[in-house]
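Hi,

Here is the structure I promised to pass on to you. Please have a look at it, and then read on for what I found.

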There are 4 protein chains.
Amino acid sequence: MEKRRTATWRVRLRSVIFLSDSRVGKIFDIAVIATIIASVVVVMLESSHAVDSMLGPILRVAEWCFTIAFLIEYILRLLTVRRPLHYARSFFGIVDLLAVLPAFVALLLPGTHYLAVLRLLRVLRVFRVLKLVPYMKEGVLILEALRASRRKITVFLFAVLIVAVILGSLIYVIEGEENGFTSIPRSMYWTVVTLTTVGYGDLTPQTGLGQMLAMAIMVMGYGIIAVPTGLVTAEVVSQSFRLRDQRRCHECGRTGHQPDSGFCRHCGNNLDRV
Amino acid sequence: MEKRRTATWRVRLRSVIFLSDSRVGKIFDIAVIATIIASVVVVMLESSHAVDSMLGPILRVAEWCFTIAFLIEYILRLLTVRRPLHYARSFFGIVDLLAVLPAFVALLLPGTHYLAVLRLLRVLRVFRVLKLVPYMKEGVLILEALRASRRKITVFLFAVLIVAVILGSLIYVIEGEENGFTSIPRSMYWTVVTLTTVGYGDLTPQTGLGQMLAMAIMVMGYGIIAVPTGLVTAEVVSQSFRLRDQRRCHECGRTGHQPDSGFCRHCGNNLDRV
Amino acid sequence: MEKRRTATWRVRLRSVIFLSDSRVGKIFDIAVIATIIASVVVVMLESSHAVDSMLGPILRVAEWCFTIAFLIEYILRLLTVRRPLHYARSFFGIVDLLAVLPAFVALLLPGTHYLAVLRLLRVLRVFRVLKLVPYMKEGVLILEALRASRRKITVFLFAVLIVAVILGSLIYVIEGEENGFTSIPRSMYWTVVTLTTVGYGDLTPQTGLGQMLAMAIMVMGYGIIAVPTGLVTAEVVSQSFRLRDQRRCHECGRTGHQPDSGFCRHCGNNLDRV
Amino acid sequence: MEKRRTATWRVRLRSVIFLSDSRVGKIFDIAVIATIIASVVVVMLESSHAVDSMLGPILRVAEWCFTIAFLIEYILRLLTVRRPLHYARSFFGIVDLLAVLPAFVALLLPGTHYLAVLRLLRVLRVFRVLKLVPYMKEGVLILEALRASRRKITVFLFAVLIVAVILGSLIYVIEGEENGFTSIPRSMYWTVVTLTTVGYGDLTPQTGLGQMLAMAIMVMGYGIIAVPTGLVTAEVVSQSFRLRDQRRCHECGRTGHQPDSGFCRHCGNNLDRV
């Protein structure tokens, strides 16, 4: 009897915490999201000297309240979920833990509690709460496009790394330490800053030869920008073509219709008639 | 009798102000546009110390003349338009108000009268006056492409925001205040400056670890550039495909067929049969 | 008899100067190109203090020799060409004049003789000489793609201009003169530097509000980059599709074949059989 | 008999060095790669003053060990390969030589031994070892896309060069030496920095006219970014279209059909008939 009641209590709590279909569950989710954003704002305010000197104690109390609230929520989730280990190792399980950990780690390593902003990732649940399904779909499409170009992008990054090492060493030999290029890693940093067209200007070539190399790297970076853009674009284009490809005409067997077509564009057959 | 004459007067004034088909209406519109550009130039000149010290009083008089002229025009439009409330809440109604407001607000809040440049938006009417319809169509096409990728871009911006908060906090913890990263919001500013490849260089990482993180962010920014470009490109490509085929179905009158379609995708009619 | 000989002389000279099919014409063209590059290098060397203090007099003599040579060539072209006025107003006629003018203008306005580098444009003739026809075709394709997106790009530039004026005024009001934003034009310069992701860093926002606006402008710039890229890409893609479109199947009348197809992909008919 | 044994020895050594199918060959290859990465890390550490003052002698000894190891490997490869001259002139032959040369050149020209990082290129062999064939294919695809746009990109770079010379001279005349634009080559450097949106900020226009030119160059750079991106994207798109269709003609065995083709474009055979 006692066990039964506990089970019911777990089930009811689980439905509040994990499902947002019920009214209570939805209110709970919105409250959690508001808390997350408030707690991230508190961490940000704390990092600012001007604000911290005024509101310091209040902010610290608020942060601990948030942390304890998130800790309780994490424990409740662990207790009520069907497969605690599976949850603990899932993306949101790890994110829920990371929302709590930094505050405790900061007791040993001061300064690290700012990493509590990682709890912002929990806001991704907002998609579930607000039923932003079409937005979620678009996000999935972008991720799919990126995943489909995954291998090409890996090859690309590998090439960029090799280029950065070699060009960084070259500029290090050309410019030398008297112009700020004090080591190869630092010169690699400059190379990446230049190749990606960021161009901070904290390190700039001073010799004529160095400037010529810099110009070559910039123009190269220009061309290199074209590559990932081309890959992702081609992926998105072919993806949107693939979305068109699904229906097959029952008369002539051809695919490649647009989603709003009613009739086969090859033989005029009604696409919806089986 | 009196009322009749007023109505006629309103109708005639309305045709001058709102329609540019008539000769007088066209001259009126061109005069308004010339006035807008002149007034924006006056505001710009006023903002320059060197010019203001020489021509200050003249510029101020000129600006008030422009403001009063625009005020009179705004009141006339309100008086003569058929549905004043509808106009007042339309895009151009708000722009017309914003052309006048800053001068008066500046009496209370000095400095804000520079916002009078917002009246430049009124120049968008130029498209109507100069019959730049094809150019307008292109603008509409661009806006359509942007609107069609609206949701994807929202998701994208949301992701960029979360990335900026998390990476900003990370660099804040790594670099700390002694290297200029004085708060998390300021570090987020640096993250966005880096991620978008703007790279002012007012804040730069000084530690080795910070520079490595910066390199990762730059290369990430490189990849991230690819995403909106890919989305908009795919949209423009599919748009231009849809527009390219000029054939019109003789049965249902719809266009937008693909160039190699033989049959209407709306009614299945043979496209080549007249 | 005298007149006849002059005519022959003109014809022969014209064939040397204007045509590169003959051996002499080709040698003449290559000599001209070598002279152009040498003269541009001389102008560049002259601009450098270090080199000019050493070789100053020699460089000046060399430049005058080049100028006189180009002047003689220009006069010869004018004398021998069939329609001198038509030539003088053509692209290369103006470029040939600009190769000579700066040296003489510099007698009145010192410093302007550096503009003699405009003679570099004459090197475009290299395409004719070296029979770089396929390269020329690619250049023409790029120009066509740009010309086809001409109107869209005009609308785009117009929008960028309006955005720069409004955002420039906004940042001017927010940041003010104490942070370096000394006038609206200068603030517009900052806006364009930020929007295009160039980011010199000579002007940077110092206030929190200014940095928030800067972040918004950067992310906007990110999205804006996508627009011209999308337009040009769509143009190049549809151009390469259009190249495929030319042959029409004699059996089924469909187009859209790839350039190396021998048979219709719709009905299997031999495309080359009429 | 003696000769036979030598041959066998050569054959066995060759199979270890050049083939990675055998177990020993694979272990050898992984060892070489580990050595390469270790040696590049050593060169990088050496370039850093802080590390070099501590570990200097050890690093120098390590570098010479690596160099001698690579030298021995290079000689072994030369001795065992079937066509030594062919190998010596191949890409990897030159890379293997460049892995060794800098250490010896540095005896004459101090500082150049940092170029030993070129041995990093040897890591490209990793693709063969780790059987990263699909990744290699992607790399080949990227290179193909770049090669197919080769001529367009050459024309593009040529145009950028001419634009840089002319705009560089223009800004040199406008800004002059008092604003840091001390010579035309240096002004060209600024032009490229601006056109590619790198924007170091070590040189910035100070005059109003110079800033207007800079704004024009930036917006131009914006448009110019669109061109290579468009070219590469169009190439990748058409490539992925060509690759997408896996159908093979049963008559002539060719692939590369478009997804909606019904007939082989090479022989006109019905693609759907087995």
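Helices (H or I, at least four residues) and strands (E, at least two) are DSSP runs, numbered from the N terminus. Please keep in mind that this is a predicted model, in which local features need pLDDT of at least 70, side-chain atom pairs count only at pLDDT 80 or more, and totals for chains, interfaces and linings use all residues. Residues are numbered from 1 along each chain as its sequence is written, chains are lettered from A and ligands numbered from 1 in the order in which they are written, and side-chain values use heavy atoms, with hydrogens and water left out.

Let me start with chain B. In helix α6(B), residues 101-108, the buried residues are P102(B), A103(B) and A106(B). Seen down the helix axis, they fall within an arc of 105 degrees, so they line one face of α6(B); the arc is that of the directions from the helix axis to the C-beta atoms. These buried residues pack against α3 (49-80) and α5 (91-98) of chain B, where contact means heavy atoms within 4.5 Å. L107(B) and L108(B) are exposed, on the face turned away from the buried side of α6(B).

Chain C has a nonpolar surface patch of about 1100 Å², whose members include W64(C), I94(C), F104(C) and L108(C). Patches are made of residues with over 30% relative accessible area and no salt bridge, like charges being joined within 9 Å and nonpolar side chains (Val, Leu, Ile, Met, Phe, Trp, Tyr) within 5 Å. Areas come from the Shrake-Rupley method with a 1.4 Å probe, and for residues only the protein chains shown count as cover. Helices α3 (49-80), α5 (91-98) and α6 (101-108) of chain C each give two or more residues to this patch, and α6(C) gives the most, with 5 residues. L108(C) lies in α6(C) and counts as exposed at 75% relative accessibility.

Now to the charged pairs. Over all chains there are 12 salt bridges, each a side-chain nitrogen of Lys or Arg within 4 Å of a carboxyl oxygen of Asp or Glu. In chain A, R77(A) forms one with E73(A), with the closest N and O atoms 2.7 Å apart. The two sit 4 residues apart in α3(A), so about one helical turn separates them. R77(A) also meets D96(A) in a salt bridge, at 3.8 Å from N to O. Since R77(A) lies in α3(A) and D96(A) in α5(A), this pair ties together parts that are 19 residues apart in sequence. Both R77(A) and D96(A) are buried.

In chain C, E73(C) and R77(C) form a salt bridge at 2.7 Å, N to O. E73(C) is buried at 7% relative accessibility, and R77(C) is buried at 2%.

Finally, chain A as a whole and the confidence. Chain A has 11 helices and 0 strands, and 50% of its 274 residues count as buried. Its average pLDDT (the predictor's confidence in each residue, from 0 to 100) is 76, and 75% of the residues score at least 70. Within chain A, α7(A) (126-129) is lowest with a mean of 60, and α10(A) (184-195) is highest at 89. For the complex, the predictor gives an ipTM of 0.77 and a pTM of 0.80.

Best wishes

Conventions. Buried < 20%, exposed > 50% of the residue type's maximum accessible area, 1.4 Å probe, protein only.
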